Amino acid sequence: MKETLNLRQIEAFKAVVEHGTVSQAAVVLGVSQPAVSKLLSHLEADTGLALFDRVRGKLALTAQGMRLYQEIDRVFSGLRQVEQAVDSIRRDEQRTLTVGVLPALAGSFIRRATMRFLESHPDVRVSIQIRGSLFLADWLATRHIDVALVGSRVDNPYIEREALFRFPLVCALPVNHELTRKRVIRPRDLDGLPFVSFGADSQTQALVLQAFSASDARLNVVLDTSTAPTVCEFVAAGLGVSLIHPLFAEGFQSRLVLRRFDPELNFHFQLCRAQASRNAALVETFVQAARDVAAQVSREVLKGH
C-alpha cells in the first residue's frame, strides 16, 4: 500500500457502495460529488486496488472492491458493538438484553419470542443483532451479546447450547403444484424442477445437495437467497419448490403446502448462551420464551401435515 488510508476515504467508499451512486453518497456525507469522486480516486491510488469499473458513466463494484467492502463492514460492525457497549455501561448494563439471531429466524419467530419476554420484563431494552451463526458464536464467546439463536454447526467450549425445534426438512410447494397430490416427496420427484435454494454456504443447502447427489437427481436452482421468508415468498409465488425447516413456513400456512420429504434430512437450531452470563436471569427468561414460542409454532405449522 502506497499511502496510509484515511477515514474519510473509507467513509466515501462505503457510502457509494451502500447508496449506489456518487451523488447519493455525497448527499449522505454532506459534501459535493467531486469531493466524493476525489476521495475514491485517492483510495484506489493509495491501495493500488481497482475498486470500481466505470461502465457508461456508472460505477460497478469489482471483486477486489467487494472484498474490501466486506472487511470494512466487519470493522464498522465492531465499532457499532463498541458504541453499544459504551451505551450499555452508561445505562448500568443490567437492564439491557442483547440477542443475536441468524437471518432465517429474524422475522416472526424472533418477534414473538421477544414480545413474550417483554411481557414479564417491560422495562428491559432489547437489542436484536442479525448475523450468521459463526459470527454470533464469536460475539457470544466474547460477551458482546447475551443469547443467540443459531444454526446447528456452532461448537464452542465457552458457549452453553441446547437444541431447539428439531425436525426434518419438508418440501415446500405452491398451493396449486401437481406434487401436492403426493403425501411424501422424494428427490426423483424434484428432478430438474425449478428449485428455490438457500445460499451455497448454508447448512440447509448442504443437506439438500447430499440428498440429491445420493439419488442421482438433478438439482435445478433458479434462485438462491440467504433468508427463509424470501425462499417462502418465491415458492408461494410459484417460481419453484424448496426444502425448508418447518419453522420457516410460519406465516405462510395459507400460501404453501408442506409435504414430508424422504430421505429425512434432520436439522435443528441451537439456543446458545455464554457461560456465567452477566444477565443470567434475563437470559433464562428469554430462553424460556423462545422454547415456548418454538413449541407453539411447531404445532401451528405442522398441523395437518
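Strand β13 (266-274) is mostly covered in this predicted model, eight of its nine residues being buried, that is, under 20% relative accessible area, where over 50% counts as exposed and the range in between as partly exposed (1.4 Å probe, protein chains only). Helices (H or I, at least four residues) and strands (E, at least two) are DSSP runs numbered from the N terminus. Residues are numbered from 1 along each chain as its sequence is written, and side-chain values use heavy atoms, with hydrogens and water left out. Because the model is predicted, local features need pLDDT of at least 70 and side-chain atom pairs count only at pLDDT 80 or more, whereas totals for chains, interfaces and linings use all residues.

Strand β13 belongs to an open sheet of five strands, ordered β4-β3-β5-β13-β6, in which the pairing is mixed; two strands are taken to pair if DSSP finds at least two bridges between them. At the edges stand β4 (125-130) and β6 (159-168), each with a single partner strand, so that one side of each is left without a neighbour in the sheet. On average, neighbouring strands of this sheet are turned by 20° against each other, direction ignored. Strands of a sheet pair through backbone hydrogen bonds, either parallel or antiparallel. Both senses occur here: β3 (residues 96-101) and β5 (residues 147-150) pair in the parallel sense over three bridges, with G100 opposite A148, while β5 and β13 run antiparallel and are joined by four bridges. A148 also stands opposite C272 in β13, and C272 is itself buried, with a relative accessible area of 1%. On the other pairing of β13, eight bridges link this strand to β6 in the antiparallel sense, and I159 stands opposite A274.

Helix α5 (residues 108-120) lies across β3, β4, β5 and β6 and runs at about 160° to β4, where axes are lines fitted to C-alpha atoms, for helices over the stretch in contact, and angles run from 0 to 180 degrees between N-to-C directions. Helix α6 packs on the sheet as well, touching β3, β4, β5, β6 and β13, and its direction makes about 160° with that of β5; contact here means heavy atoms within 4.5 Å. The buried residues of α6 (residues 133-141) are S133, L136, A137, W139 and L140. These residues cover an arc of only 165° around the axis, taken from the directions from the helix axis to the C-beta atoms, which puts them on the same side of α6. The helix is followed by R143, whose phi is positive, near 65°.

A second open sheet comprises four strands in the order β8-β12-β7-β11, again with mixed pairing. Its edge strands are β8 (184-185) and β11 (242-244), each of which pairs on one side only. Strand β8 runs parallel to β12 (residues 256-261), to which two bridges join it, and the bridge partner of V184 in β12 is R260. Helix α8 (residues 228-236) packs on this sheet, touching β7 (170-174), β11 and β12, with its direction at about 140° to that of β11.

Leaving aside neighbours within four places in sequence, F109 is in contact with L149, L164, L247, E250, A290, V293, A294 and V297.

Residue F212, in helix α7 (residues 203-215), is buried, with a relative accessible area of 2%. Not counting residues up to four places away in sequence, F212 touches P187, L190, F195, A217, R218, L219 and L243. F212 and D191 are 21 residues apart in sequence and 8.4 Å apart in space, C-alpha to C-alpha.

With a disulfide taken as a pair of cysteine sulfur atoms within 2.5 Å, the count comes to zero. C232 is in no disulfide, the nearest cysteine sulfur, that of C171, being 12 Å away; C232 is buried, with a relative accessible area of 1%.
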